[in-house]
Amino acid sequence: MIIGGGVSGCGLAYCLAKRGFKDVVVLEREYLASGATGRCGGGIRQQWSTEENTKLAMESVRLFGQLDEELEYETEFEQGGYLILAYTDQEVEQYKKNVAMQQKLGLDVRFIDPKEAREIAPHLNTEGVLCATYCPSDGSANPFYVTQAYAEAAKCLGVQIELYTPVTNIEKRGGRIASVVTSRGKIETPLIVNAAGGDSVSLAKMVGVELPIVPTRHEIMVTEQVEPFFTTMVISFKHGVYFRQEKRGGILMGYGDPDERPGFDITSSMKFLRTMSRKILNLMPALHRVKVVRQWGGLYDTTPDALPILGPVDGVEGFIQINGFSGHGFMLAPKVVDLLAQLITGEELDLPIDRLHMDRFLTGEISRDLSVV
Amino acid sequence: MTEDTIICRCEDVTYGQVVEAIEQGFTTTEEMKRMLRCGMGACQGRTCGRLIAQIIAAKTGTSLSQVPLPTSRPPAAPTELAILAGTPHEETS
């Protein structure tokens, strides 16, 4: 029983069914990708400061490249690159460490100067930019289509997907998961996978588990379609900003507001519209006449180290976590769902996830991924 | 209305595509918007929104009032970044 019809839930359902796992059911409160998956920026990045995220992302990119053929669906996966701008000596020092680690893992990332950055992203204002890191195999895909692709392939393999079916309670018996209560009745199950994004916290509470996840709103806006002139995602951690031009021409952009308070509010704010506009015009002044057509909000399920929570939890048997992605669940999904399927079916994992277990927060030894917007 | 009748002028979505999506099970305007992009273009669904709701109502045998329109998202009309940022800029045209 998987709770959550986003990319993680549907992807895991497919990977389990592919391995011959029977009676997989996905429960979704609304429609597929109606939560964080469908609200994300669609970016796929391998440039991280921790090995855990970098490895998961690199494997995911490899899998994204095979997805269309495997699932027989056009997911609009493109490798337009990611450009990360460095403004301070501190950033340069950190990126040197990141790039050394990433290159050791085999990633095609390199340092470039501001001039080359302007060639990759024309009209980019590089005033104050000391250097940048660039990885051409980073990219993007359509989150709705990827989720749909997994869901349809899963259905063909016998997975049952129930839309508009919110979970109202989870019951346990003798320290084990026993059943899930939904708006449409109760279902007995020995195994529940918590793939509910920001709402994972509420689900875990139903069985007395406190996940260290803080749901926080994150906003994005997109402009009218203009002639395509760059393919890369541009990130500045200093400005807390990322933006890219979609193939259709719209320029999509978001920033992490450090003042954002935790909560489940995902309404659009005027503050975001105004601040984002100022930030983007600073980075790309040529866009001043381009019109914004739409803004929206979604939830980051943020953990203390910005790394996901994967696998079982102590105290409740049969309760598997796949959440806490801290804004990066879409891009890590292909490898994460593959690993979780390996875990659930009892296979030997081809990439260890012990360090992403929930219990890491109890020992106090966590190392935060610093490459987070 | 024929298969090729354009329903969403911003994203070139046809009547045939909308009907096909309904047959695949996308029976809400929110899902339709995400699958076909109708409502994501310059008009933000102000032209096609009600048309699509009508087609969904007709094809699924429900009344129009039971087919909610997608969430209305700001800004109310396409607005230049410079205006939103509140920064002065020189007229270039």
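What follows goes from domains to helix packing, then to the sheet and the chain contact.

**Entry 1: domains.** I kept in mind that this is a predicted model. I looked up the domain assignment of chain A, and it lists domain 1 (2-69 + 143-213 + 305-363) and domain 2 (80-138 + 214-302). Their centres, taken over C-alpha atoms, are 27 Å apart. I then checked the contact: domain 1 of chain A puts in 26 residues and domain 2 of chain A puts in 30 residues. On the domain 1 side, at least two residues each come from helix 2 (36-39), strand 3 (43-44), helix 3 and helix 7 (200-206) of chain A. Helix 3 of chain A gives the most there, with 5 residues. By class I got 9 nonpolar, 13 polar and 4 charged residues for that side of domain 1 of chain A.

**Entry 2: helix 3 again.** I followed helix 3 (residues 51-71) of chain A to helix 9 (residues 329-344) of chain A; their axes come within 7 Å and cross at roughly 95 degrees. Angles of 65 to 115 degrees count as roughly perpendicular, so that is what I call this pair. Among the contact residues are Leu56(A), Leu63(A) and Phe64(A) from helix 3 of chain A, and Met331(A), Leu332(A) and Val336(A) from helix 9 of chain A. This contact splits into 10 nonpolar, 1 polar and 3 charged residues.

Entry 3: How many strands form the open sheet? I found 9, in the order 5(A)-6(A)-4(A)-14(A)-15(A)-16(A)-13(A)-17(A)-3(B), with mixed pairing. The edges are strand 5 (110-112) of chain A and strand 3 of chain B, each pairing on one side only. Inside the sheet, I saw strand 14 (residues 233-236) of chain A run antiparallel to strand 15 (residues 241-245) of chain A, joined by 3 bridges. Ser236(A) has Val241(A) as its bridge partner in strand 15 of chain A. Helix 8 (residues 270-283) of chain A lies across several strands, including strand 13 (214-225) and strand 16 (250-255) of chain A, at about 110 degrees to strand 16 of chain A.

**Entry 4: chain B.** Which strand 3 residue of chain B is the bridge partner of Val292(A)? I found Thr79(B). Strand 17 (residues 291-302) of chain A and strand 3 of chain B pair antiparallel over 2 bridges. The chain contact takes 22 residues from chain A and 20 residues from chain B. Helix 2 (29-36), strand 3 (79-80) and helix 4 (81-85) of chain B each give two or more residues to it. I sorted the chain B side into 9 nonpolar, 6 polar and 5 charged residues.

Terms used. Residues numbered from 1 in each chain as written. Chains lettered and ligands numbered in written order. Predicted model: local features only at pLDDT ≥ 70, side-chain atom pairs only at ≥ 80, totals over all residues. Contact = placed C-beta atoms within 7 Å. Helix = DSSP H or I, 4+ residues; strand = E, 2+ residues; numbered from the N terminus. Nonpolar A, V, L, I, M, F, W, Y, C, P; charged D, E, K, R; others polar. Pairing = 2+ DSSP bridges. Axes fitted to C-alpha atoms, helices over the stretch in contact; angles between N-to-C directions. Parallel < 35°, antiparallel > 145°, perpendicular 65-115°, else oblique. Domains from an automatic or database assignment.
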